[in-house]
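Reader: I have not looked at this structure before. Please take me through it by question and answer.

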Amino acid sequence: MRNTHLKFLLLAMIALSVVGCQQPKHSFNILDFGAKGDGSTINTTAINKTIKKCNESGGGTVMVPPGTYVSGTIVLLSNINLHLDPGAKLLGSKDTIDYLLMKNALFNEGYNRYGLIYSVDASNVSITGTGEINGNGTYFMNGIDKPHMGGGDFNRKFIRQGNEFMKTGTIFDDGPVSYNYRPGLMIIFERCNNVSLQDITLKDSPEWTVRLGDCDNVNVEGISILNNQIIPNSDGIHCTNSRNIRISNCNIFAGDDAIIVTGFSNQPSPTDAAWQGPATGNKTGYAENVTVTNCVLSSRSACIRVGYGHHPIRNLVFSNLVMYESNRGIGIFARDNSSIENVLFSNIVINNRLHSGHWWGKGEPIHISSLPDSPKGVAGKVRNIRFTDISAQSETGIVIFGTKENPIEDIQMDRVRLNINSGKYTLTYGGNFDLRPAYKPELQVFKHDIPGIYAQYVNGLDVRNFKLTWGNDLPSFFTHGIECQNVNDLLIEGFAGTANSNASGSQKIKLENSILRTKNN
């Protein structure tokens, strides 16, 4: 009797184990709905049918098996996990007619063709697996001999190089290239709750790779974004007015900013009387509570960008990051009457350089600026920003640029190490500040000497244990170790560094209309 009981128990355990290894109860394979992974069939209808059936069955997993599945816009509904098996590839169609045409929800004007995946007003949505989503972005671009020159956002008369700066007819090795048309943002989650991206590889986006717009509770872990870095606006992850976001263990190689936190939204600001929270997604209206950790980043613009948009931005932590071959390391930009506060950066390695072509930024490892972006605009406050244990190799210095009307408040730097060297484009692009976007031409790109740290119109600046070294062949527009103008409540403590020895008259520390809290060294 005892042996019979043990045998029954063993059989029950085996049965449970088999059940546990089976696919989820609601698992739907796109092949069963007519999809073909032959690399040529357009599978938009088949994949969307699969998702709809899964949703109607209460949710579950939509399986994408090995193969190459060409598609236009896929609409991801609530309670769906889109899972790509190893060897599975979703490939963006080369015909823009296959992408949804929808009103531009981000800027509330005009229409956009959306990209490969679109999810709106949804909950419990995810994209997982070790397969690949490829936007086919390079197909839509012109060649390197047809550069993207921008829309009149600089005036050469204010720039050190004058008419030689980005001279028409020049081929720019670093891009960006131009295009005649292209699909929209590759993956969009708009007003969604409980979003997850895990392990997936995202390649060759034609524009922003991932946009998290007005979302709440997002986890991004272990993904790779591998874009063509000469494609303009091929950003990595755009967190636009979203909250409670965790990004970790990612590898991002982007043609524009790599990870971005902005206050963009088509909703009124929560500080406006007209504010009403959406039914799903971010109901507070604050871009807040974001952590980014253990990531490797490369960008033609900024690896980390914080700012733009009219919604307040607060409570962000960036830690344990490696940034390489980027035009900027970290950028914080107050432009649209949106405050930016309570932001921490720690344990970060930055290796950046000047890039040729129409990219914003001039090689700064750290850039903070606050100024209006329109004739009647008022920039929001920037306050309580902390940098700790930063090691940077760069071709220019740190810029903290407030204005009399928009002073920056409470900036702390502790154990920042900066080595400045000359590079390939030092003479053709260097010796300028780049504050774009700015409506005044004299504040877009303009001639300026380059100290190790330059700060103006700051109320509360602590620089502790700053170590600065200069390369031997730097031109004379590299000047002071630290230069401060109109800085109140200034502390400089433990500064190990000098002025650039190639610039006569430069100083270790140059202060103008600035008030020290304690004696500098």
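**Cores, surface and salt bridges**

Author: The model is a predicted one. Its largest nonpolar core has 113 residues, and those with the most contacts inside it are Ile133, Phe189, Phe345 and Phe387.

Reader: How many residues are in the other core that lies apart from it?

Author: This other core includes Phe154, Leu354, Tyr425 and Val445.

Reader: Is Tyr324 buried, exposed or partly exposed?

Author: Tyr324 belongs to strand S25, residues 313-326. With Val296, Val322 and Val349, Tyr324 forms a nonpolar patch on the surface, and together they have about 270 Å² of accessible area. Buried means under 20% relative accessible area and exposed means over 50%. Tyr324 has 30% relative accessibility, so Tyr324 counts as partly exposed.

Reader: What length does helix H2 reach from its first C-alpha to its last?

Author: Helix H2 covers residues 44-56, which makes 13 residues. At 1.5 Å a residue the expected length is 18 Å, and the helix comes close to this. From first C-alpha to last, helix H2 reaches 18 Å.

Reader: Which residue just after H2 takes a positive phi?

Author: Within H2, the buried residues are Thr44, Ala46, Ile47, Thr50, Ile51 and Cys54. Just after H2, a positive phi of about 100 degrees is found at Gly58.

Reader: What is the relative accessibility of Asp434, which forms a salt bridge with Lys362?

Author: The closest N and O atoms of Lys362 and Asp434 are 3.2 Å apart. Lys362 lies in the loop between strand S27 and S28, and Asp434 lies in strand S32, 72 residues apart. Lys362 is buried, with a relative accessible area of 4%. Asp434 also counts as buried, and its relative accessibility is 1%.

Reader: Which residues are linked with Asp462 in a network of salt bridges?

Author: Asp462 forms a salt bridge with Arg517, with the closest N and O atoms 2.4 Å apart. Asp462 is in strand S34 and Arg517 is in the segment after strand S37. The residues linked with Asp462 in the network are Arg464, Asp489, Glu493 and Arg517.

Technical notes. Residues numbered from 1 in each chain as written. Predicted model: local features only at pLDDT ≥ 70, side-chain atom pairs only at ≥ 80, totals over all residues. Heavy atoms only, no water. Core = buried A, V, L, I, M, F, W, Y, C linked by side-chain atoms within 4.5 Å. Buried < 20%, exposed > 50% of the residue type's maximum accessible area, 1.4 Å probe, protein only. Patch = residues over 30% accessible without salt bridge, like charges linked within 9 Å, V, L, I, M, F, W, Y side chains within 5 Å. Areas by Shrake-Rupley, 256 points an atom, 1.4 Å probe, with all protein chains shown as cover. Salt bridge = Lys/Arg side-chain N within 4 Å of Asp/Glu carboxyl O. Helix = DSSP H or I, 4+ residues; strand = E, 2+ residues; numbered from the N terminus. Expected span 1.5 Å × (residues − 1).
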